[in-house]
Amino acid sequence: MKLANVLGRATLITEAGAIDIETASEGRFPADPQGLYADWQAFRGFEPRLYHKAPVPLVDATHAPVPRPTQVIAIGLNYRDHAAEAGLPLPERPAAFTKFPTCITGPNSDVELPSGSVDWEVELVVAIGVRAYRVREDAAWSHVAGLTVGQDLSERVVRWSAGGQFSLGKSFPGFGPMGPYLVTPDELTNPDDLEIGCRVNDEVVQQSRTSKMVFGVPRLIAELSAILPLLPGDVIFTGTPAGVGATRKPPRFLKPGDVVTSWIEGVGTLTLKCVKPAETRS
């Protein structure tokens, strides 16, 4: 199943077109995409009935498929080549931090650059569909609603300040774009091994496979849920492969006018345009 958030409405994407979920379910499920995750198992059971409804022509997804997660957890140094380019040892356990939820934005969006030190980090994002607490690794995928494409944009000066401000440096408005679709794991031949990449303008700057993660999706869910409950509609940014701008010689950062294109095999493509910051508001 492939879901999108079109103008704030949960939308099922099919080969024939788009189906508005609230309308097709006659109000059984909400228009608000975030509301689907609270009743995810019931929605998956009802899903086959939706395909009998007449679709409308496809339109572009406009908002994040998970627009208001309660918890946004991110993982650092989760690809061996990225740890190597940063000159850091591999973590023995997932290096988790948070992105504040106000950074979440949709696909095909503009992102204001607060400085000249903003870096790109393409990431596979996992959305939780069933509450996960103390979940075994072999049961982890059953708690996943779906996968989407994300960018863990990072302002490096703030990120490195005050002993390492991971959460603040990665939480400016627009620094958590996701989309355009949420794809359920059963749609993928192997959800543990997907090509992942990022292009800045016409140059491919990152390209790898999710099978090269230090901690794969099942391990991340098991490790995180051993400490805190993962709630329906929470998201996990699972880490980025090598190729970020900060480790280049000389370092390279995003500038107004740059277009950042991120893709994950079978999941989708996310496009961002970098723009100058608006005037400071009082």
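Biologist: Is Glu26 exposed or buried?

Modeller: Glu26 is exposed, with a relative accessible area of 70%. Exposed means over 50%, buried under 20%, and partly exposed in between, with a 1.4 Å probe and protein chains only. Keep in mind that this is a predicted model: local features need pLDDT of at least 70, side-chain atom pairs count only at pLDDT 80 or more, and totals for chains, interfaces and linings use all residues. Residues are numbered from 1 along each chain as its sequence is written, and side-chain values use heavy atoms, with hydrogens and water left out.

Biologist: Where does Glu26 sit, and what is its phi?

Modeller: Glu26 is in the loop between α1 (21–24) and α2 (33–37). Its phi is positive, about 55°, although Glu26 is not a glycine. Helices (H or I, at least four residues) and strands (E, at least two) are DSSP runs, numbered from the N terminus.

Biologist: Which loop holds Asn108?

Modeller: The one between β6 (104–105) and β7 (109–112). Asn108 also has a positive phi of about 55° and is not a glycine. With a relative accessible area of 46%, Asn108 counts as partly exposed.

Biologist: Now the prolines. Is the bond from Gly179 to Pro180 cis or trans?

Modeller: Cis, with omega near 0°. Pro180 belongs to strand β12 (residues 176–183). The Lys249 to Pro250 peptide bond is cis too, with omega near 0°. Pro250 is in the loop between β15 and β16 (259–264).

Biologist: OK, zoom out. How many helices and strands are in the chain?

Modeller: The chain has 7 helices and 17 strands. Its radius of gyration is 18 Å, close to the 19 Å that the globule rule gives for 282 residues, so the chain is as compact as a globular protein of that length. The radius is taken over C-alpha atoms, and the rule is 2.2 Å times the number of residues to the power 0.38.

Biologist: What does the C-alpha trace span?

Modeller: About 55 × 45 × 40 Å along the principal axes. Of the 282 residues, 53% count as buried.

Biologist: What share of the contacts joins residues at least 24 apart?

Modeller: 76%, among contacts between residues at least 6 apart in sequence. Contact means heavy atoms within 4.5 Å.

Biologist: Which residues have the most contacts inside the largest nonpolar core?

Modeller: Leu3, Ile21, Phe43, Ile221 and Leu254, in a core of 70 residues. Strand β9 gives the largest share of this core, 6 residues. Apart from it lies another core, of 5 residues, including Ala4, Val6, Ile13 and Ala61. A nonpolar core here is a set of buried Ala, Val, Leu, Ile, Met, Phe, Trp, Tyr and Cys residues joined through side-chain atoms within 4.5 Å.

Biologist: What does Ile221 touch?

Modeller: Ile128, Ala132, Val135, Ala140, Val144, Leu230 and Ile236, leaving out residues up to four places away in sequence. Ile221 is one of the buried residues of α7.

Biologist: How many residues of α7 are buried?

Modeller: 8 of its 9, so to speak of the helix at residues 217–225 is to speak of a mostly covered one. The buried residues pack against β4 (72–76), β5 (95–98), β9 (122–128), β10 (144–151) and β15 (235–237).

Biologist: Switching to Tyr51. Where does it lie?

Modeller: In the loop between α3 (40–50) and β4. Tyr51 is partly exposed, at 38% relative accessibility.

Biologist: Which residues does Tyr51 touch?

Modeller: Met1, Leu12, Thr14 and Ile19, not counting residues up to four places away in sequence. Tyr51 and Thr14 are 37 residues apart along the chain, and their C-alpha atoms are separated by 8.2 Å.

Biologist: Last one. Which strand has Arg199?

Modeller: Strand β13 (residues 195–200). Arg199 is partly exposed, with a relative accessible area of 29%.

Biologist: And what is Arg199 in contact with?

Modeller: Val204, Val205, Val259, Val260, Thr261 and Trp263, leaving aside neighbours within four places in sequence. Arg199 and Trp263 are 64 residues apart in sequence and 8.7 Å apart in space, C-alpha to C-alpha.
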